[in-house]
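Dear colleague,

Please find the structure we discussed below. My notes on it follow directly after.

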2 protein chains.
Amino acid sequence: MAQTGTKAPRERYRTQVRAEIKERAWEQIATAGASALSLNAIAKQLGMSGPALYRYFAGRDELITELIRDAYRSLADTFHAASETGPDLAALAHALRGWALDDPQRYFLIYGTPVPGYHAPDDITAIASEIMATLLDACAATPSDGPATPFGAHLDEHRQWADGHPASPAALHRALRFWTRLHGVLSLELAGHFTGMGFYPELLFQAELDDLTTKR
Amino acid sequence: MAQTGTKAPRERYRTQVRAEIKERAWEQIATAGASALSLNAIAKQLGMSGPALYRYFAGRDELITELIRDAYRSLADTFHAASETGPDLAALAHALRGWALDDPQRYFLIYGTPVPGYHAPDDITAIASEIMATLLDACAATPSDGPATPFGAHLDEHRQWADGHPASPAALHRALRFWTRLHGVLSLELAGHFTGMGFYPELLFQAELDDLTTKR
DNA sequence: TATTTTTCGTTACAAGTTCTAACGCAACGG
DNA sequence: CCGTTGCGTTAGAACTTGTAACGAAAAATA
């Protein structure tokens, strides 16, 4: 009987510990932000001392990169789940908002302040393309009645980012609007820039979503 | 003759050194991000050793708070300058974009990933209100022809954030749209999420601005 | 002018952090 | 059974923020 799923016991243990490390890392990030992530603190929580973690991650940067990867993966899965019943921009929007509110720091790990030197590895940008593809599917399925926009034409001329997706210029423009507008509301809300202002952020989010889906 | 501007020589020197410290801090932040800001490195650059900086700033947090304050102040001044020739949403938008591109990390210091525990002091939120007031001025001066939005009505019922500004519900809604949409484009552009996609971010920014100013 | 007081910059040190190196032990594979 | 591989340890280097104590210089005061 070939080992289905269960590899060598050594490797099983290894992935188990790696998962536990990431678990603690997410807890720290959620409570104190990514910049306060401490390998020593994680090790202490796991009952082992300091440098043991370097058997599992080359360093702080690699751990954070791994967390960013998982965050992208999680968002991509959430998007896939939201479009399982067919392409639907509203479903995607609400899935995005729920995912973001579920762990704001995870959202900021992807869309927050970038580290000047950092460049994401290729497999992460591949997941980002996956997310964009799901969004483009939904945008392509939404009928456009208005006239083509000048920026839509520009996008049609520079559509390598669509990665071969057969979306109309209007759909390309809609995807970018969806992304930037919802991110605009979400990131300001999650960062607390609306707290104390009195209005309900989810209504603003919904208003932007309505404008995105009903018009043009 | 009373000393106009020139205080005691001691205090003059003090403010001079404080300014020099902040200068170096901005340089570090621009090149490596705020999380990499090192008091020791700044001290070494200024030719004095380590703990001397604590005569001028209580610690890293106070220095960063001061930088955040200066960033807000700078943005408020930029907005004031942009509306000197009268309230103009487009002028405000381009001023914002120029200011953001001028030092992306300064933009992220205000609108980037928040530190979970941090709460800005009152005088900083006061500057934020000042910025919002200038934006509301421009929005109130822009004529609205379309029907009142439901979210505009909601904003009219929760308008304490307008701080007594006599803006119409449509103007309130427009201000929020202006803020969130332009931030959406700008933050993603500055974070590099558009690099390699092929299109020109300034055209997307302009398209969003056009939508903001011509419609409704 | 002389004396007191305030402020500044220094060194020394404590308590953290990431990360490398060398060692011993335990478990896995042949 | 025994060798190889991998894991966790401690020691230590090179950093960081921040405190404490000291000396010197400058400013304020008598």
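This is a predicted model: local features need pLDDT of at least 70, side-chain atom pairs count only at pLDDT 80 or more; totals for chains, interfaces and linings use all residues.

Turning to the interface, 34 residues of chain A are in contact with 35 residues of chain B. On the side of chain A that touches chain B, at least two residues each are supplied by helix 1 (9–32), helix 5 (104–111), helix 7 (150–157), helix 8 (169–190) and helix 9 (201–214) of chain A. Helix 8 of chain A provides the largest share, eight residues. Sorted by class, this side of chain A has 18 nonpolar residues, 15 polar residues and one charged residue. Of the interface residues of chain A, 100% are also interface residues in chain B, so the copies meet through the same surface.

Helix 5 of chain A deserves a separate remark. Seven of its eight residues are buried, so helix 5 is largely enclosed by the rest of the structure. The buried residues are A:P104, A:Q105, A:R106, A:Y107, A:F108, A:L109 and A:Y111. Among the elements of chain A that cover them are helix 1, helix 3 (60–82), helix 4 (89–102) and helix 8.

With kind regards

Note on methods. Residues are numbered from 1 along each chain as its sequence is written. Chains are lettered from A and ligands numbered from 1 in the order in which they are written. Two residues are in contact if their C-beta atoms, placed from the backbone, lie within 7 Å. Helices (H or I, at least four residues) and strands (E, at least two) are DSSP runs, numbered from the N terminus. Ala, Val, Leu, Ile, Met, Phe, Trp, Tyr, Cys and Pro count as nonpolar, Asp, Glu, Lys and Arg as charged, and the others, Gly among them, as polar. A residue is buried if 20 or more other C-beta atoms lie within 10 Å of its own, exposed if 12 or fewer, and partly exposed in between; C-beta atoms are placed from the backbone.
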